[in-house]
Amino acid sequence: MPKNKIFYELFEQVADTVMEMGTQLKKVVAEPDRDKRMPLIKQVEDLEHRNDDHTHKLFTELGRNFITPFDREDIHYLATALDDICDFIYSSAKKINFYNINPNDTGIQKMADLIEQGCREIRTAVYGLRDMNSLRKMTEALVKVNSIENQADDVFDMCIEYLFETEVDAKEVIKKREIYQAMEIATDKCEDAANVIESIIIKYA
């Protein structure tokens, strides 16, 4: 294994940001007042921009370094998947205020819980990449991400079913469906990142 640690450092910074965004999304959906939500969403936006900077640095290092700690392809895939998690967390937060939806909704609350859990497990798995000494812990985290994504699929299906059964305003249906969808995709992106990490473990552990 090469001694170059810059990729580990950058991935850990990204993983920290992913975790912060998951936690911040929980704060957004816990705030019923639209005006008070605005600064919370601004913090999500700031974190998303920070992550863009980290991702850009990763790609710059990828172009600059001939020797990388694992496959260049996997570095690219993992950086992209982690960036996608952040993008869809930000999209979810933004849509809540853009559509003026009260997030005090069982589906939105449950989705936010699952996103935060997924972000936490991804952070655990990313931090394990540096030395590959805690394979069991990493594998458990990846299994949990897969379970979280399955739960999010079920929550999404139930939310859509309930929405069509109870909501008579077509505009409200469209608005809420978009929010549920963005949140569900965030959990899909967690699973994408987990799959890349699993591939790295298989190749190098």
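Modeller: Start with Cys86. Its relative accessibility is 0%, so Cys86 counts as buried. Buried means under 20% relative accessible area, exposed means over 50%, and partly exposed lies in between (1.4 Å probe, protein chains only). Before going on, note that this is a predicted model: local features need pLDDT of at least 70, side-chain atom pairs count only at pLDDT 80 or more, and totals for chains, interfaces and linings use all residues. Residues are numbered from 1 along each chain as its sequence is written, and side-chain values use heavy atoms, with hydrogens and water left out.

Now the bonds. A search of the whole structure finds zero disulfides. Cys86 is in none, and the nearest cysteine sulfur, that of Cys119, is 7.3 Å away. A disulfide here is a pair of cysteine sulfur atoms within 2.5 Å. Cys190 also has Cys119 as its closest cysteine partner, sulfur to sulfur, at 4.6 Å, which is too far for a bond. Cys190 is buried too, with a relative accessible area of 2%.

Next, the overall fold. The protein has six helices and zero strands. Read along the sequence, the pattern is α-α-α-α-α-α. Helices (H or I, at least four residues) and strands (E, at least two) are DSSP runs, numbered from the N terminus.

Look at helix H1, residues 6-30. Glu12 sits there. Glu12 is buried, at 11% relative accessible area. Leaving aside residues up to four places away in sequence, Glu12 touches Val126, Tyr127 and Arg130. Contact means heavy atoms within 4.5 Å.

Two loop residues deserve a look. Met132 lies in the loop between helix H4 (106-127) and helix H5 (135-166). Asn100 is in the loop between helix H3 (72-98) and H4. Most residues other than glycine have a negative phi. Asn100 is not a glycine, yet its phi is positive, about 55 degrees. Met132 is not a glycine either, and its phi is also positive, about 55 degrees. Their surroundings are another matter. Asn100 is exposed, with a relative accessible area of 52%. Met132 is buried, at 13%. Met132 and Tyr204 are 72 residues apart in sequence, and their C-alpha atoms are 8.5 Å apart in space.

Now step back to the whole chain. Of the contacts in the protein with a separation of 6 or more, 81% join residues 24 or more positions apart. Buried residues make up 48% of the 205 residues. For 205 residues, a compact globule would have a radius of gyration near 17 Å, and the protein has 18 Å, which agrees. That radius is taken over C-alpha atoms, and the globule rule is 2.2 Å times the number of residues to the power 0.38. Along the principal axes, the C-alpha atoms fill a box of roughly 60 × 30 × 20 Å.

Last, the surface. Its accessible area comes to about 10,200 Å², of which 50% belongs to carbon and sulfur atoms. Such areas come from the Shrake-Rupley method with a 1.4 Å probe; for residues, only the protein chains shown count as cover.
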